[in-house]
Structure formats: C-alpha cells, structure tokens
Amino acid sequence: MSWKLIQRVKKRLSEERGTIRKEWGGKTTLCLAFPNRYYTGMSNLGFQTLYHQLNQLQEIVCERSFLPDKEDLLEYRKTDTPLFSLESQRPLYDFDILAFSIPFENDYPNILTILEMGKIPLLRTARNDSHPLVIAGGVAVFLNPEPLSDFFNFFFIGEGEELLPEFLRCFEEAKSEGKTQLEFVEKAAAIEGVYVPQLYQVRYFDEGPINSFTPKGKHPRRIKRRWVRDINNIHTTSTLFTPHTQFNDMALVEVNRGCPRGCRFCAGCFIYRPFRNRTLKDLRMDIEEGLTHERRLGLMGSAVSDHPRLREICQSVLDSKGTLSIASLRADSISEDLITYLKAGGHKTISLAPEAGSERLRRVIKKDLQEMDLLRAVEMISKGGIPNIRLYFIIGLPTETARDIDEIVGLTRRIKHIFLKVGRDQKRLGRIVLSITPFIPKPSTPFQWAPYEEINSLKRKLKLVKNELRGEGNVQVTHNLPKWGYIQTLLSRGDRRVGRILLAAHYNGGNWQKTFKEINLNPDFYVYREIDFDEILPWDFIDHGISKDYLRGEYLEALSQGKE
Ligand code: SF4
C-alpha cells in the first residue's frame, strides 16, 4: 500500500462534508464505484443518492471508489497498490459487492481499468466465490448492458433506489444461509428488474445480427424495468459536499424525473417514463435542508420548466435567502417572472436547446418548438438582465440536409441580433455559446434504427458552422468530437460481441484504431448501418413498457415528415 495515496485520500475526505463511515463487523460490504474521476462522480446526484440510501440500511456498509486521477494512477502502478475505497481504504477485492453506477457509455473502458487496478479478474468467468460480485446499474446499463455482459454478474434494469435494497436483502439471506455465488445468482435472478447475462444464450447469424436470444431454463424472456412509483418517497438531494466537483458551491435537488415531451432522439424521455413531479411540500423540505449546506440551490431534472409549481419552488428558494440555478429551460416555458426569479437567484447563463436549426427538422425530431418562441425567450432573457445564453444543437439527425446546417448559423445570427439590440440598450453585452453534439442513435428511442453519420461528414458540418460564425463577436462554438460519438454509438448499440472490442481496447491502452484493425469484428456494422426493422436488437429483452411497434411508427412518421 502506498502511504502517499492513503494520505491523499485522507486529505480529500477531510475536505468533504457528509462522508459516512461504518464499522464492517458482520455487515454486507458494498463498494459503489464510479467509472470516472472523483470530480465527475461527485457531480452525479444519482450516485450520491445511492450512497446515502444504502448507508441508511443498518446491515450495509457502503463506501466509494473512483477512477484515480492521473497522478494517483501512476502512483498506484508504481507501488503496485490495489485500488482501495475512500472511506476505509480497503482494497476493492475485500468487499462482498462491487457496484458500478454507469451513466455514460464512453466510461466503459474505465470499468476495466478499475477492475484491473482492484486486482479483480476482468472476465466474470475468471472469478470465483473469493471475489466480490460485480454488478452494475445506471442509465447506460438499463438502455443496453450487452457489451458489458462478459464482465458483470448482474445488471439492474431500472431505477436503483427501487431495486438495490431488495437485491441486498436477498444477498444477506443467501449469505446467512451459506449459499455459494452460483446459488445466489439463481435466486436473485427471480427479482424483477435483475438481469443475469450468464442465464441467457445469444446466437448470431455469421458476422451479422442476432439470430436468437433465449433464457436458459425458466428465466423470463424479457426483463421488466423497475421504476419508483412515488418519487416523494425518496430524497434525491445532495448529501456529500466537496470543493472538488463541478457543483462545489451548490446543493442539488431533483424536481422531477423523466419528461413529457417525447423528442424522438431522447433516451431519458423514453426510459424514465412516466413523467413524475415531486410535490411542492416535499421540495420545500429538501430546499430548506439543502440551503443549510450551501446558499446556492440547483434544481435538477430533464424537464424542470415543466413542473407545474416551478414559480413557487423558485420563490421558496429566494424566501429562504438562497440563490438559484436551473440547468436547462424549455424556451416555450420561459416567462418574465421566471426570469426575474432566476436573475434574483444569481443566474448568469440560461441554456436553451433548439437542437435543430430549422423548424422542419425540429418537427422530424418532435422538438415542438417554434422559432418565434425561441426568439421571444432570448429577448426576455436579455431584457431580464441575464447576460449569457447557451444553445444546444445536434448535428447528423435523420433527414438532415445542408440547409438545416445553414439554419443553425441563420438561427444563431437571428438570436444574436436580438441579443445585441437588447444588450446595447442596456449597455451590457454577454456571450452566446453554441454547444454542438453529433446525434447518437440510442436504444429504446424511435431513432434506435437510424445510422450514425460518417465522421468525415460530421467534421465538414462542424467546420462549416465554425467558419460561418468565426467573425461573429460574442458568439463561441464548442462541440464534441465526432470520433467519440462513433465509439458511443458502438457501445450504445452493441451486442455481446462488442465486449471483445472493449477488452482488446483495454489491452491496447485505449488505442481504438489499433483495436479495430486487430479485431475480427466490424465496428461499422453497429454504427453506420440503418438497422432492419425485423432484426432482433441486443436490448429487445428489456421491457420499458413501450412497444417496438410504437417506436417504429414514430420513426416512420419522422421520416415521412422529413420529406414534407
Ligand atoms: S424536452 Fe428535452 S428532456 Fe424532454 S424529451 Fe425533449 S430532449 Fe428529452
């Protein structure tokens, strides 16, 4: 064990508020692992909520582990120290359960790094009863866990707060009965929402799509997603506070879950159904509690501006002398009084998500937003004294043409015109930041069958937008790299065979190009293809409560709207 690493962790803990330390004696020990660095993991409200919720269970000790920062990574390797948890500094292999919370596909390679550094065999088949059970949940997993099948014992399909306590009760029972891991696996597979990949057999057409996906024995053909019926029963609020995170001066409170809008590219909307709002009464309690920790309060949710009591929620924050932050607002929900609240709450930037430049393409993706609404929102924001605007756009959407790309530029200029006019009147000018991401076809959305656009074509589109807007003062363009969108699509839509690519990429030190050349599997098959409606999709076994026919109908309607 490296003394230096232990000292660093102790320092980090000394700067935290909310750390929970429990004695291990006789309890079930679970290490909650986040497949990215501390800074990123500690910004994740779901991760924090689970940590707190699990530690409320008397018989459970829940500690945390993250991908080490670069400097620490070198020290771990130099000293051959096994990766350890934050709270007790015990190696990961000492825990009963290693539970990953995985929000984002591009973090999959980090999972293998964590396992390797924890001295836990990467492949499930290479582990035995002396190793921890390795399990995973989180949004990436309940969209499609298949590329990770070789590495995990269990996946949780659905919301962790609903599922994990039941799973842990089952684990404790099995432990007290002296059951082996294999016996426990059979028992836990009966819990609704628990998916055990080893209990399912997948066959493929040569180098092609899935031929059959069948349970071994009597296990269910489809795994039903679990979701929290009443989100007022759980308190999704910050419980850990540290200066080393994105939200270092803020307490976060979840306002609602899911979204009622149904944009056709948006995974969050389809898999977090139904849309659920927390009550004003419960939110007021959490706001009060949050403001005892920090004076700035962040309202979280994919559809915060769709909460019917949003104004009262904002007022509660201000009444309690707090300042306010909201991640993103629907342009058509913005009103003058909401801007007043946000301004009074210290907001400096408001994010809007037109997603597409033209109204035609917004209709295709079902982003039911008129340009008039956007321009009206920009005017209100500027007049209300909020200096900066962030605009989210997606490129490479189904049916997109060159004209749609030109419209991103055109719309930005029209927005800037209003922005400057109001700003000059008020003798104050801020910034417009465009944030552009390539479209990723996500499982369980109407666009799951659509291809990812060729990397070079995406690059050309980005270049065009950047060149056109280069000379525009007060406008800045930021974007994600198309090559990472390619990897994300591969991992989002992959089947079990993609696990081989992941493993090879791990052994190649993250060199994807080298990996693709070496491996006998064509990644373009998963990324660039428009998938046939008749194919069995790797994630078809997940029952999100939305029929494939409905999604197909939505996709076809989008394509026909694209021709209008
Ligand atoms: S409005 Fe936003 S969160 Fe809601 S469905 Fe559309 S993209 Fe998703």
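A residue counts as buried if 20 or more other C-beta atoms lie within 10 Å of its own. The model shown in these views is predicted.

**View 1. The buried side of helix 11 in the predicted model.** Helix 11 spans residues 310-319. Its buried residues are Leu310, Ile313, Cys314, Ser316 and Val317. They lie on the same side of helix 11, because they cover an arc of only 155 degrees around the axis. Four elements pack against these buried residues: helix 10 (280-293), strand 13 (296-300), strand 14 (323-326) and helix 12 (336-344). Just after helix 11, Lys321 adopts a positive phi of about 65 degrees.

**View 2. Strand 10, covered on both faces.** Strand 10 runs over residues 250-254, and five of its five residues are buried. Met250, Leu252 and Glu254 sit on one side. Ala251 and Val253 sit on the other. In a regular strand, side chains alternate between the two faces of the sheet.

**View 3. Strand 10 paired with strand 13.** The two strands run in the parallel sense, with five bridges between them. Val253 has Leu299 of strand 13 as its bridge partner.

**View 4. The largest nonpolar core.** This core holds 143 residues. Leu30, Leu32, Leu98, Ile135, Phe154, Phe156 and Val253 touch the most other members. Helix 15 (residues 402-425) gives the most to the core, with six residues. Domain 1 (3-224) and domain 2 (232-563) each supply at least three residues.

**View 5. Contacts of Leu98.** Neighbours within four places in sequence are left aside here. Leu98 is then in contact with Cys31, Ala33, Leu92, Ile120, Pro132 and Val134.

Key. Residues numbered from 1 in each chain as written. Predicted model: local features only at pLDDT ≥ 70, side-chain atom pairs only at ≥ 80, totals over all residues. Buried ≥ 20, exposed ≤ 12 C-beta atoms within 10 Å, placed from the backbone. Arc of directions from axis to C-beta. Contact = placed C-beta atoms within 7 Å. Core = buried A, V, L, I, M, F, W, Y, C linked by C-beta atoms within 7 Å. Domains from an automatic or database assignment. Pairing = 2+ DSSP bridges.
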